[in-house]
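Hi,

Here is the structure I promised to pass on. Have a look first, and my notes follow below.

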Amino acid sequence: MDQSRPAPAPGPHRLALEGIVKRFAGAVLANDHIDLALRPGEIHALLGENGAGKSTLVKIIYGVLHADEGRVLWEGQPVTISSPARARALGIGMVFQHFSLFESLTVTENVQLALDGRQGENLAQAIDEVAGRYGLALDPKQRICDLSVGERQRVEIVRCLLQNPRLLIMDEPTSVLTPSEVESLFVTLRRLAGEGVSILYISHKLDEIRALCHRATILRAGRVVGACDPATTSTRDLARLMIGEDPGALERRDPPVWPHAAGDEAPRLELERLSMDAESPFAPPLTDVSLKVRSGEIVGIAGVAGNGQGTLLAALSGEHRAPRPEAVRVDGVAVGHLGPAARRDLGLAVVPEERLGRGAVPELSLAENALLSSYRSGALVRRGLIDRTRAHGLARTIIERFGVRAGGSRAAAGSLSGGNLQKFIIGRELLQKPRLLIASQPTWGVDAGAAAAIHRALLELRNQGGALLIISQDLDELFAIADRIAVLCAGRLSATRPVHEVSLEQVGLMMGGLFDDVPTPAPEARS
Amino acid sequence: MKMFLHLEARGEPSRLWIWAAPLMAVFLTLAVGSALFAALGKDPLQALNGFFIMPVSTLYGATELLVKAAPLALIAVGLAVGFRGGVWNIGAEGQLTLGAITGGGLALALGAVDSPLVLPAVLLAGVLGGMAWAAIPALLRTRFHANEILTSLMLTYVAQLLLGWLVHGPWRDPHGFNFPETAPFSPHAILPVLLEGTRLHLGIPLAGVVILAVWALLARGFIGFQIKVMGLAPRAGAYAGFRQNRLVWFSLLLSGGLAGLAGFSEAAGPIGQLQPALSPGYGFTAIIVAFLGRLHPVGIVLAALFMALTYLGGETVQLFMGLPLAVTGVFQGLILFFLLACDVLILYRVRVGRRPAPGVS
Amino acid sequence: MEPTLASSLAEAGAAATALIGAMARAATPLALAATGELVTEKAGVLNLGVEGMMLMGAVSAFAVTVATGSPVLGLGAAIGAGMLMGLVFAGLTLSLRTNQVATGLALTLFGVGLSAFVGRDFVGTPLTALPGLSIPGLSDLPVLGPLLFGHDPLVYLSVALIALVSWFLGRTRGGLIVRAVGENHDAAHSLGHDVLLVRYGAVLFGGALCGLAGAYLSLVYTPMWVENMTAGRGWIALALVVFATWKPWRVLLGAWLFGGVTILQLHAQGLGVQIPSQFLSMLPYLATILVLVLISRDAMRVRLSAPACLGKAFHPEH
């Protein structure tokens, strides 16, 4: 692996940060005296958990945010990066985590917007040329909304490359890619580095960083806590630096609890050739999705974002009705035509991907947010009137039972940290004693401690005989907690496989849509 | 562009400014109003006195304030329910007109029928008329996704033309010297005056009761909670299983019904018949009242009193100082602007000057 | 007397010319205001204050024209008044991030009040209408001359402006930036485009055209000042933008359709149709509702063509 990583050229640093400080309202130090230096041709990892301050730092480098203190040196000269335009003029390009693309505009128009005044037909030619040189196939005339996530990232990269950057910032570029797309991205990045471009690579995926980067700077809680050569540092040491403690492995699970070993009991959840249009014009429709989830097991659905996960969740929760009632069954009852409230009455609970604005209303108190999905149970609402005492009581119970750090039941949901709000939402759903829980990205953007607590709670529900369906883009998460796994790609769902019978590579192939190339495992063995 | 004004988000909404912002808006309006009066060559203090103090310095004036505030508060409370849920009914003036037409029509049809049921019947007809008119935008939004702002407003013009046709044509009082107005309602269909020598009528305490009921509904009722969720985060409402269409219908019917009640109360209270110009724009002013009152019933009552004062003040300064009546409209617009601007202080601190220079200590 | 073929043809031609002329006059204020609002909305700002800006334009144009005798100065005053109103709106919604719906409503209510206040001394003042354009040679052509070349200059200006806006939005870099800001303001910001500056510009342009539309009403359409003389045209213009699915040339089509409905109503009255005038006057409003319903029925289509950031506040520090 080391052969593919030629040492960066010696000489002055391309970019050096000295003592960068950024404060946000409420006196939180997002960046606390950060130093960082990159040489030409160096691929430099910026490693840290969500909330460690990585995104704030790169936004400062790219001129989107402005530092409160500190110095920025570019090619040895102190500079003021007042705006992204200034950053680009210096030779800094950035590929954003959440792409900054314009859905209704064409590839060419999107590229044109990032360039200063370059016009005309030559642009389409220039796009073709750059795309060809780095293996980034694109049709300049297509509109962004018709592109896959991987193609969108190519547009972002091509857009940066056309400005001949000397520093390329990549913010979590692989979180939305399939393993094979990741490989081809790395080929492109190595070629760029070989040409002398410095790359600042932001990630929290340790294996990727070890495979790709020359140096790594590790951030925790806004500070630099270490720097190392990732190739010679073990994954475990990197993780310890990043998290600050030994990341004790999730305790080994008990084998699946299948009380219905005879197999005659109806599955808790059954999807039967479910096909439906997406709620947004920019997502693929679901096609012939079939699936069974039994009590006492966790079924994981893997897949790259934008492959129909949102539609699937809405179809399961009842926010989006299925065309045929029989396409969705809960405990044998056809529910495809029922709304969320009626499905809740059958013992279904749902944790949506978006915490703010869907799973919870940020402006409302925790008591009101407890009411949001629990209003059908516990006599919280009687004769059309809300029992406020009970609602506050429920919120306090959730806070205590699930270790939510919050300023009481009156605190606004928006004032909680991501992890604590997620614990609150999952706690709220679990307290309804669901027979079937469906959760999307249950630990997305959540700190390690909260993620472990959430995983424990989910496993506990499973061990008590609950049926769980977890939709996640985090393969590590699914391999850690799921009993069976399936992959969603372009609105189609693969067959489910027991987790211990598939490898990461096989799941990766399926995420690329190659369902049939993966050898069929031995018939489901239940010992 | 370097920003001259720099907004800095507060972590939490400021409790102080939630209440101070409306007061500051009133103060700023008075300041600009004084400047306006001075520009017109009038002594600002005298004019402000004429505008805000003189009208309510007599018992009659004070009761007139209530007469004007009651329909404003009644309509605004209904509108506020919808505004909380993102349902923008701005056609209350039309629903008010329809309420007057249906209530007035029934009153005219019943003629001299003498029964204690006449008054409740005509009031109910007024409510139903307003509801029916608001049902059109509700249907068009829920069935065809047509924007209710535009449809409810277009229907206001239609309602006013309809009233115009009725009082010029089929419903014109044959003994009315060809004036475009209907015959006076019979005494049984009139809201009785409560205080001799004033126009304080039964419609005012009635409005108070209705406003209290809506308050209870908003504060304790589950439907109020659903509407609030729908307004703040529609996707959370859908996730919870609240039926958006039902909430749209509910808010439009409620606000339409209250506007209809206010409309017929105007016709059956201070006026006593149908005329082409029933309301001095109560349906539009109520939009300002709803915002000024922070979409909260208590605030709305206070805001309605203040706005009613601008109507009386406009009449007073016209009478005594020869100032144009249109001053009222200017004041009403100004106060809403200032309120919207002052509300920024609830969520943000305003810093004047350039942003801190980036990247350099 | 036997009417000859030639004289009947001439009569029919004259009637058609009059009809087209009347349609053009009814359509032009709608086309101007809707074009202005279209540009504003393309940049992602929903300004519901069109009616208020038109009224201020109408009263300013009238007052200045009466005072100076120069309709050109009057038009200039209307543009200035519209832009000032736009500036108030932009300052509140863009710099102070107030709710665009509430602020737009406030702008309309304020415009109604202020225009009545400013115009109180002008009610009943007479004014001669702006003369039609007269191009020697062309305007004298039989039938075609008056049909194509006999209108007042603002009719041509409205068509030219729509062509200009269509070209600007579709073919220039500036137009691309306006569309980008309306589509995704965060992305535009991160690429270094000044979202607020673009939006200020778009709102001011919208204000200028709405002011001009108001001036057309008080100087040309009915040369006088009456309180609230826009009579809902600002709101109809807002509906036209939806009808046009944010495409400039469709705005023109829509405006002329509405001009047709208005004229139909006036002519039906003139032809002695036995329908009360109030019902005929309802036609444009009912037509607006009908058009909105027809176009909105396909929710997906409206969603795809509407600027994605329409009506959303922009927070640059996030």
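How many positive and negative side chains does chain C have, and how far apart do the centres of the two sets lie? Chain C has 15 positive and 14 negative ones, with the two centres 11 Å apart. Lys and Arg count as positive, Asp and Glu as negative, while His and the chain ends are not counted; each charge is placed at NZ of Lys, CZ of Arg, CG of Asp or CD of Glu.

Some housekeeping: this is a predicted model, where local features need pLDDT of at least 70, side-chain atom pairs count only at pLDDT 80 or more, and totals for chains, interfaces and linings use all residues. Residues are numbered from 1 along each chain as its sequence is written, chains are lettered from A and ligands numbered from 1 in the order written, and side-chain values use heavy atoms, leaving out hydrogens and water.

On to the fold: chain C has 13 helices and zero strands (DSSP runs numbered from the N terminus: H or I of at least four residues for helices, E of at least two for strands). Of its 318 residues, 57% are buried, meaning under 20% relative accessible area with a 1.4 Å probe, protein chains only.

Now the rings. Over all chains there are 21 aromatic pairs (Phe, Tyr or six-membered Trp rings with centres within 6.5 Å; planes under 30 degrees apart are stacked, over 60 edge-to-face, the rest tilted). C:Phe62 and C:Phe122 have centres 6.1 Å apart and planes at 80 degrees, so they pair edge-to-face. C:Phe62 sits in helix H2, C:Phe122 in the loop between helices H4 and H5, 60 residues apart. Both are buried.

Cheers

Terms used:
Buried < 20%, exposed > 50% of the residue type's maximum accessible area, 1.4 Å probe, protein only.
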